Amino acid sequence: MLHTVRSLRGMVTSPHHLASQAGLDILKEGGTALEATVAMGATLSSVYPHMTGLGGDAFWLISWPDGRSTVIDACGAAALGASRALYDEAGVTDIPWRGGLAANSMAGAVSGWEKALSLSTSIRPNLPLERLLRDAIHYAECGYVVSDSEASLLHEKQAELSENRSFLDAYSLSGTLVSSGAIRRNPALALTLKQLAHDGLDSFYNGALAQTLADDLENAGSPLRQSDFRRHQALLCKPLHTTIKGAVLYNTAPPTQGVASLAILKIFDRITADQVDGYDHIHGLVEATKRAFIFRNRHVGDPAWMTRSAQDFLDDDAGIAQLAAGIDMRHAMPWDVRSQMGDTTWMGVIDSSGVAVSMIQSLYFEFGSGVFLPQTGLVWQNRGSSFRLEKGGWNSLEPGRKPFHTLNPAMARFDDGRIMVYGTMGGEGQPQTQAALFTRYARYGVPLQQAITAPRWLLGRTWGEESSSLRMEAGFDPTVLDQLQQAGHDIKLVPAFSSIMGHAGALVRHTDGLIEGASDPRSDGVAAGF
């Protein structure tokens, strides 16, 4: 689909059509963009549970009509009991990707919902929480149709997930793992959502529900305890920002990789590249990505432990100019750097008042830690598996420390008054896909949907791959591919609309109130307005 949808009163986009419909219904009932986003995030937890859920983290980037911008950091920290000694006793030298020892950090997503709804009341009184969670409860209780994405990843990762008996039970029908098109129910999740609707979102961290969650986690071998739930809170923060020709760009601060997304675009802004998806465009962005990732990999993590400021890096125009000048437009810089992995869901909403939300919510790997909590129906994230067990240095495990996050929702304010929110799933690919779709739309004037549908690229390793190649989707000009290869890029072709390229989306509001939206044909989503 290459048609960009348009409306005037409000619009949503998400990677699953049922979540988009849930959010749009909230807007139609007079809800704010923040309320619609909560409804979408909750619904995705029910219908896209391999990518997101209540057991994960979230980051919000909010644009207000008066020009202010706000970030909600709903990221959980490592358990107080998550010490290096714990893993030494388990006989492991790296934190496992799956299982109880991978479920070692608090889930912040629900606290983000609560913080967003508290901000929403400054616009108008909120709709009842029961209404915002209604669709999520329905799909968990009455069933949803398992997507191709969920089913294929379930069967692909079955061996990794088989250690958790509760997980396999929750995904089996008559003793067989569910397949695409099957109707799956999660009654325990429905009861949890009902309990949240009745007791309030804070009950996830304080009270009987928190105790139930902590008990199931402990039984699964997680170091999380009820004290970790009680000490968690979402934070209101300032976004990172930087200026390029024609726009001010925003993203989330550490512990996210938002600085890398902004740095790529700021470096590329200094590069001459006249043709969209031509050699200079792709080579320039890939080489800018390498420079941005070097800073990210050396410095970005829990801001309390960082030795260099992400905002100062972006504000150093001379330093950025030096990075841009150091790019050889004829030759690729060698690249053999460990990738930052992960899957997630991005969603965007713009309401009739002009409030715009860019939100990303994640379990990290697909199905997170693989720990299914039978009493509550949650899958817990494995974001803390990214911690290093070496003492000291980048992203080293410390009790109470926040892990490095690939999550980074993006936003732009154009000089002509347009507001754009955009983002994608895809770990290492998030900054790269953001750069591709933003430059196509903003620099080259490509229509929004076409900018997302067009072929994409991904630099770096993916799961199970040792190569740090440049993966290119089918559909690029063969001459451009040959030029990239001649420049030294290790090109690997992948099929069109490959899932490794992420699920992107974008919304743009113009000064006359026109809203444009796009969703990714690689996902199960839709952009919908009224």
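## Contacts around T433

Two residues are said to be in contact when heavy atoms lie within 4.5 Å. In this predicted model, T433 is in contact with T424, R456, M501 and A504, leaving aside its neighbours within four places in sequence.

T433 belongs to helix 17, which covers residues 429–443. Its relative accessible area is 2%; because buried means under 20% relative accessible area, T433 counts as buried.

## Overall fold

The chain contains 19 helices and 23 strands. Its radius of gyration is 22 Å, close to the 24 Å that the globule rule gives for 530 residues, so the chain is as compact as a globular protein of that length. Taken along the principal axes, the box filled by the C-alpha atoms is roughly 60 × 55 × 45 Å.

Contacts also describe how the chain is arranged. Among those between residues at least 6 apart in sequence, 72% join residues at least 24 apart.

## Burial and surface

Burial can also be considered for the whole chain. Of its 530 residues, 64% count as buried, and T433 is one of the buried residues.

The chain exposes about 18,500 Å².

## Charged side chains

The chain carries 44 positive side chains and 55 negative ones. The centres of these two sets lie 3 Å apart.

Note on methods. Residues are numbered from 1 along each chain as its sequence is written. This is a predicted model: local features need pLDDT of at least 70, side-chain atom pairs count only at pLDDT 80 or more; totals for chains, interfaces and linings use all residues. Side-chain values use heavy atoms; hydrogens and water are left out. Helices (H or I, at least four residues) and strands (E, at least two) are DSSP runs, numbered from the N terminus. The radius of gyration is taken over C-alpha atoms; the globule rule is 2.2 Å times the number of residues to the power 0.38. Buried means under 20% relative accessible area, exposed over 50%, partly exposed in between (1.4 Å probe, protein chains only). Accessible areas come from the Shrake-Rupley method with a 1.4 Å probe; for residues, only the protein chains shown count as cover. Lys and Arg count as positive and Asp and Glu as negative; His and the chain ends are not counted. The place of a charge is taken as NZ of Lys, CZ of Arg, CG of Asp or CD of Glu.
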